[in-house]
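Please read them with the sequence and coordinates open beside you.

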Amino acid sequence: MQPFKTHTGVAAPLNRVNVDTDAIIPKQFLKKIERTGFGKHLFHEWRYSDYEGTAENPDFILNQPTYRKATVLLARDNFGCGSSREHAPWALGDFGFRLIIAPSFADIFYNNCMKNGILLARLKSKEIDEIFDFVGKNKGAVISADLPAQTVTAGRKVYKFQIDAFNKECLLKGLDGIGWTLQFEDKITAYENKIKAEHPWLNR
Amino acid sequence: MFEKIWQDHLVRSSQGDTSLIYIDLHLVHEVTSPQAFAALRENKRAVRCPQKTVATMDHNVSTRTKDITKADAISRTQMDTLSKNCQEFGVKLYDFADEDQGIVHVIGPEQGLTQPGMTIVCGDSHTATHGAFGSLAFGIGTSEVEHVLATQTLQSNPPKTMLINIDGKLGKKVTSKDIILYIIGQIGTAGGTGYVIEYAGSAIQDLSMEARMTICNMSIEAGARAGMIAPDDVTFSYIQGRDFAPKGPDWEKAVAYWKTLPSDKGAKFDKVINIKAEDIKPMVTWGTSPGQVTSVDGVVPDPESMKDAVARTAAKNALAYMDLQPGTKITDIKIDKVFIGSCTNGRIEDLRAAAQIVIGRRVAPGVTAIVVPGSGRVRLQAEREGLDRIFTNAGFEWRFAGCSMCLGMNDDQLKKGERCASTSNRNFEGRQGPGGRTHLMSPEMAAVAALEGKITDIRKYATI
């Protein structure tokens with residue numbers, strides 16, 4: 001996983017609540033067996049005016065010249081809700097997004113992003129309103145995130161966000177979660193032995 | 001109950017980092033697993049407990065034929081990949097041709113794989129279904145699928161707990177689908193974010209296992225990590241005798257353990273919500289998020305009357321997409337298609353309920369209605385009971401098992417602008433097909449909509 005320490009990039013405002021993972025990457029693109037190449041299908045139904053994805057919808061934010069190379073996404077409540085598909089962060093990452101800022105994220109989506117080196121910064125609704133206002137008035141403005149300091153900077157304002165220590169560490173180091181867990185393999189084996197004795201019916 | 005299961009599965013407590021919890025059952029399907037198996041192969045890792053891993057094909061399968069060559073080339077690659085992966089890593093697979101194939105959340109319970117007190121995960125958000133047995137069950141992403149395959153554990157810190165009490169008696173023709181839609185309408189689609197919900201109260205205890213599964217299934221639509229219901233005699237008698245249920249002396253031991261699981265009197269929850277069963281009516285969604293829901297005797301709301309600016313914009317967008325006007329009576333909404341099935345409502349009891357409405361009647365002209373059993377076993381059971389003939393005589397199509405039009409990954413899709421009465425779980429834009437419009441409801445409500453060609457109040461419908 002690509003480590004995340006700091007990031008600065010153009011912020012695209014996506015002013016919608018409850019953006020679900022079906023909208024982020026529709027089902028017809030879930031059939032690949034690789035993790036790459038999903039970026040061109042990101043937000044497919046909003047981004048293109050035809051099913052085949054050949055005609056861009058000029059009104060959609062990411063099709064506007066200012067935001068075509070955006071790497072920061074500014075979003076609303078419950079971003080990433082619905083299906084557990086990790087294809088959603090794969091598509092966002094493949095497009096170029098490294099940082100998403102919103103008042104709240106769906107739980108599974110949050111975990112999935114953490115495993116893919118995308119930082120999700122949860123800020124208060126009022127602060128998000130402020131940032132929407134800021135990028136509305138300063139089109140193409142950049143927003144920065146500093147993970148060690150746990151801050152997001154938009155213009156002159158600095159906002160603090162919370163992240164649990166383990167996710168922070170994994171992101172900073174680009175840690176392989178399985179490698180981390182396997183250092184406790186003896187504990188897993190001990191648990192399995194205990195459960196064999198206590199709950200024998202679970203030994204299929 | 002959550003606490004007890006959590007504690008019983010702790011392999012390692014967090015020391016300021018993350019806890020490791022043991023996973024008893026890992027369900028796998030073709031869409032969210034290929035990249036996980038590929039990564040295992042790359043890193044020369046094995047599946048730690050193949051015997052605790054069970055796979056099926058459900059999302060992509062055709063429901064018209066059992067002939068895999070009829071599936072599109074990319075779907076076929078995904079299904080072939082799952083077959084190869086299961087063979088290589090020693091994982092049991094119910095493939096498309098298997099009699100017991102079906103939606104992963106239908107076959108787990110019907111095979112007796114799902115049991116109280118277990119931790120169950122799957123690369124699918126509707127894994128919450130299995131919580132109906134008093135297990136801790138939740139959806140995970142593909143990286144976590146890989147993690148569970150390799151270690152049989154998951155890195156996780158405990159979520160908050162919410163108790164939703166539903167006391168009283170449900171009204172006539174009010175189902176568990178209406179309960180969960182009502183709850184989502186009350187707490188919102190992010191109301192459960194960060195929580196595991198326990199559903200309790202007399203109205204929940206009165207429900208069958210199938211009905212309990214419908215409620216837990218849609219916990220994710222309330223934003224919750226998982227939903228659970230305390231195991232009781234209804235649970236035990238559902239499990240007893242199933243293929244993978246504990247047998248002989250193990251059965252007694254298991255039941256004794258399962259009886260220790262329900263929350264103790266006075267157990268503390270981070271949040272408690274009380275609902276009167278009598279307040280719940282048959283529910284129908286009008287928008288593009290499951291929280292945009294009202295009772296069947298209601299009207300499409302007016303976005304202008306909404307105080308919150310963000311909700312107002314969301315409602316406006318939804319009404320534009322759904323092509324609905326504020327103030328329209330729900331029962332004046334005409335439909336083109338009906339879908340009865342999915343991991344939410346594709347079980348035998350759902351099909352029985354719908355068949356009861358349909359018997360001796362005809363699907364309205366111009367309406368296409370399909371019934372997709374949740375599994376091969378559900379299909380077989382329904383055929384034994386003659387339900388297939390009730391449906392086909394009425395003009396419904398009778399299909400093979402799969403996820404089908406719940407998400408339209410196969411060829412069962414809505415066309416642009418088509419409106420569907422659906423027993424599935426998500427009314428997102430494009431979910432059932434690009435440009436398709438979804439109204440979520442119970443199986444009986446969907447059945448009566450098929451007959452009338454419009455959304456109809458089941459309570460006022462002349463029933464047999």
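1. The interface in this predicted model draws 60 residues from chain B and 46 residues from chain A. On the chain B side, the elements that each supply at least two residues are strand 1 (10-12), strand 2 (19-22), helix 2 (34-42), helix 3 (73-89), helix 5 (142-151), strand 8 (153-156), helix 10 (249-258) and helix 11 (309-322) of chain B. Helix 5 of chain B gives the largest share of that side, namely seven residues. Sorted by class, the side of chain B that touches chain A holds 28 polar, 19 nonpolar and 13 charged residues.

2. On confidence, the model scores ipTM 0.93 and pTM 0.94, and chain B has a mean pLDDT of 95, with 99% of its residues at 70 or more.

3. Chain A consists of 204 residues, of which 46% count as buried, and its secondary structure comprises eight helices and seven strands. Taken along the principal axes, the C-alpha atoms of chain A fill a box of roughly 65 × 40 × 25 Å. Among the contacts in chain A with a separation of 6 or more, 68% are between residues 24 or more positions apart.

4. A:Tyr191 deserves a look from the chain A side, as it sits in helix 8 (residues 185-198) of chain A and, once residues up to four places away in sequence are set aside, touches B:Val11 and B:Tyr22. Is A:Tyr191 buried or exposed? A:Tyr191 has 20 C-beta neighbours inside 10 Å and therefore counts as buried, given that the cut-off for a buried residue is 20 or more. The C-alpha atom of A:Tyr191 is separated by 25 Å from that of A:Ala165, although these residues are 26 apart along the chain.

5. A:His87 belongs to helix 3 (residues 87-95) of chain A, and with 29 other C-beta atoms within 10 Å it is buried. Which residues is A:His87 in contact with, leaving aside its neighbours within four places in sequence? The partners of A:His87 are A:Ile25, A:Phe29, A:Leu30 and A:Phe38. A further reference point is A:Asp22, which is 65 residues from A:His87 in sequence and 9.8 Å from it in space, C-alpha to C-alpha.

6. A:Asn18, which is not a glycine, has a positive phi of about 50°; A:Asn18 lies in the loop between strand 1 (6-13) and helix 1 (21-24) of chain A, and its 28 C-beta neighbours inside 10 Å make it count as buried. A:Phe43, likewise not a glycine, has a positive phi of about 50°; A:Phe43 is found in the loop between helix 1 and helix 2 (44-47) of chain A and counts as buried, with 21 C-beta neighbours inside 10 Å.

7. Within chain B, helix 6 (residues 176-187) and helix 8 (residues 209-217) have axes that come within 8 Å and cross at roughly 20°. Because angles under 35 degrees count as roughly parallel, helix 6 and helix 8 of chain B are described as roughly parallel to each other, and their crossing is right-handed. Helix 6 of chain B contributes B:Ser176, B:Lys177, B:Ile179 and B:Ile180 to the contact, while helix 8 of chain B contributes B:Ala211, B:Arg212, B:Thr214 and B:Ile215. By class, the residues of this contact are four nonpolar, two polar and two charged.

8. Another helix pair in chain B, helix 13 (residues 348-358) and helix 16 (residues 443-452), packs at an angle of about 30°, with the axes 8 Å apart, and the crossing of helix 13 and helix 16 of chain B is right-handed. From helix 13 of chain B come B:Asp350, B:Ala353, B:Ala354, B:Ile357 and B:Val358, which meet B:Pro443, B:Glu444, B:Ala446, B:Ala447, B:Val448 and B:Leu451 in helix 16 of chain B. The contact of helix 13 with helix 16 of chain B divides into nine nonpolar, no polar and two charged residues.

Technical notes
Residues are numbered from 1 along each chain as its sequence is written. Chains are lettered from A and ligands numbered from 1 in the order in which they are written. This is a predicted model: local features need pLDDT of at least 70, side-chain atom pairs count only at pLDDT 80 or more; totals for chains, interfaces and linings use all residues. Helices (H or I, at least four residues) and strands (E, at least two) are DSSP runs, numbered from the N terminus. A residue is buried if 20 or more other C-beta atoms lie within 10 Å of its own, exposed if 12 or fewer, and partly exposed in between; C-beta atoms are placed from the backbone. Two residues are in contact if their C-beta atoms, placed from the backbone, lie within 7 Å. Ala, Val, Leu, Ile, Met, Phe, Trp, Tyr, Cys and Pro count as nonpolar, Asp, Glu, Lys and Arg as charged, and the others, Gly among them, as polar. pLDDT is the predictor's confidence in each residue, from 0 to 100. Axes are lines fitted to C-alpha atoms, for helices over the stretch in contact, and angles run from 0 to 180 degrees between N-to-C directions. Angles under 35 degrees count as roughly parallel, over 145 as roughly antiparallel, 65 to 115 as roughly perpendicular and the rest as oblique. A crossing is left-handed if the near helix is turned anticlockwise from the far one by less than a right angle, and right-handed if clockwise.
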